[in-house]
Amino acid sequence: MNTDGSDSDRPRLLPARPRPKAGETTDSYIRRLSRANHLKPTYLRGYLAGPPNWLGRPRAERLAALTGRQQTALEQALVDLLPPARTKVVKCTTPQETTTRRTDRSALFTAIRQDARTEGLSIRALAERHHVSRRTIGHALDSPTPPTRKSPPARERPALDRARPIIDAMLDNHAEANDGQPLTTRFIWEHLLDQHDSEVSYATVRDYIAQLRQQTPEDVAFPVRERKRRSGNILSTSVGTTQGPVIQHYRELLAAVGQRPSAHGLDGTYASMTAFVLGCDAGSSNGMLAGFREWLIVRLDHGNNLAWPALVRHLAPNGFVHPLTPEADTAAVGALFQLLNEFLELREGRDGPLKIYGAYQAWLNAQNWYHPDPSPTDQIN
């Protein structure tokens, strides 16, 4: 792929290109593409959106180029790949209609009653003249005072409901151990997508944080609904159960699998081992490997666009080898279990997750491409 985001050259096809499912959302398909190719979902999504709005809607032509599929086929399968069609606004043609449209609802009711009284128009004719429903005409003829409009029901946001505890935990952790660097909305959104497979949009996260600021203008450092200082860190809420004895259990299990993979139904290849580790992580509600990718990035000093299976291969003794030879496969498996053991040992230690995420944030801030000029409205100080 062209990492500069330009369209001058056709992007190369992704190695793994799963088929889109009928009725699937674009973000869901992008996450499946990312996992299949060991890429960060936010990296692939930003590349598909392209400049200048890297956080905007993924572009259908770029997705078609990366997957080798017809754009029309993708548009038919993915329900939200195309932007919603805009409703055509019918412009008023007569001066009376223009005046009615621009006045408030009380004046509208007055005009309806006057037309009915002076011209004797029917309900249908009144509805056509004033471009309102017959029900509105009935209300206007019954009373000159418009009825009170009902408040719309609260919009359900299941994606935000699932992400809210994680966002609150991140903000709490940042408030308790603020090293002077801003925690941006984009960092929170990327963490939700890459580490928790969340479907929440950037705009939703931005609006939620803005709402928290409005609720607590006197103390932005603690913009959570329940201001309780937590003793832990970012993992205290999102993966609170994956601590202590649980981490020790996974360390013992992975050590046994690394020594005798066949006893656990594995063939010992890197592909089967990574699949097993991912299964363990899923069984822990994505808590066992929380922070693993960030820890690997700091150790490798690059690779922020890669998922952890690719980062481990870069940290193997002979570096990244593609395609995997038998020798490189064996080296990658050894590196995987050695790195996992070191990482989980650090996770068990005092403030382990806090140190991992703190080191990763410091590494991000040292990169010249990371938020070179963050907007003041997009920071939580």
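Author: Let us begin with charged pairs. Side chains of opposite charge can pair when their charged atoms come close. A salt bridge here is a side-chain nitrogen of Lys or Arg within 4 Å of a carboxyl oxygen of Asp or Glu. Glu61 and Arg59 form such a pair, with their closest N and O atoms 3.0 Å apart. The model is predicted: local features need pLDDT of at least 70, side-chain atom pairs count only at pLDDT 80 or more, and totals for chains, interfaces and linings use all residues. Residues are numbered from 1 along each chain as its sequence is written, and side-chain values use heavy atoms, with hydrogens and water left out.

Reader: Are Glu61 and Arg59 buried, exposed or partly exposed?

Author: Buried means under 20% relative accessible area, exposed over 50%, and partly exposed in between (1.4 Å probe, protein chains only). Glu61 is partly exposed at 37%, and Arg59 is partly exposed at 23%.

Reader: How many salt bridges does a search of the whole structure find?

Author: The search finds 12 salt bridges. One of them joins the side chains of Arg45 and Asp27, at 2.9 Å from N to O. Arg45 belongs to helix 2 (residues 41–49) and Asp27 to helix 1 (residues 26–36), so this pair ties together parts that are 18 residues apart in sequence. Helices (H or I, at least four residues) are DSSP runs, numbered from the N terminus. Arg45 is buried, with a relative accessible area of 12%, whereas Asp27 is partly exposed at 25%.

Reader: Which residues are linked in a network of salt bridges?

Author: Asp115, Glu119 and Arg129 are linked in this way. Arg129 lies in helix 7 (residues 123–130) and Asp115 in helix 6 (residues 105–119), so the pair ties together parts that are 14 residues apart in sequence. Asp115 is buried, with a relative accessible area of 6%.

Reader: What is found around Arg293, which is buried yet has no salt bridge?

Author: For charge, Lys and Arg count as positive and Asp and Glu as negative; His and the chain ends are not counted. Arg293 lies in helix 15 (residues 292–300). The nearest side chain of opposite charge, Glu294, is 4.0 Å away. The backbone oxygen of Leu306 lies 3.5 Å from a polar atom of the Arg293 side chain. Contact means heavy atoms within 4.5 Å. Not counting residues up to four places away in sequence, Arg293 touches several residues, among them Lys40, Asp194, Trp308 and Tyr360.

Reader: Which residues of helix 18 are buried?

Author: The buried residues of helix 18 are Gly352, Pro353, Ile356, Tyr357, Tyr360, Gln361, Trp363 and Leu364. Seen down the helix axis, they fall within an arc of 165 degrees, so they line one face of helix 18. The arc is that of the directions from the helix axis to the C-beta atoms.

Reader: What should I note about the backbone in the loops?

Author: A cis peptide bond joins His322 and Pro323, with omega about -5 degrees. Pro323 lies in the loop between helix 16 (308–314) and helix 17 (326–348). His38, in the loop between helix 1 and helix 2, has phi near 60 degrees, a positive value in a residue other than glycine.

Methods
Helices (H or I, at least four residues) and strands (E, at least two) are DSSP runs, numbered from the N terminus. A polar contact is a pair of N or O atoms within 3.5 Å; within protein, one must be able to donate a hydrogen and the other to accept it, and residues adjacent in sequence count only if both atoms are side-chain atoms.
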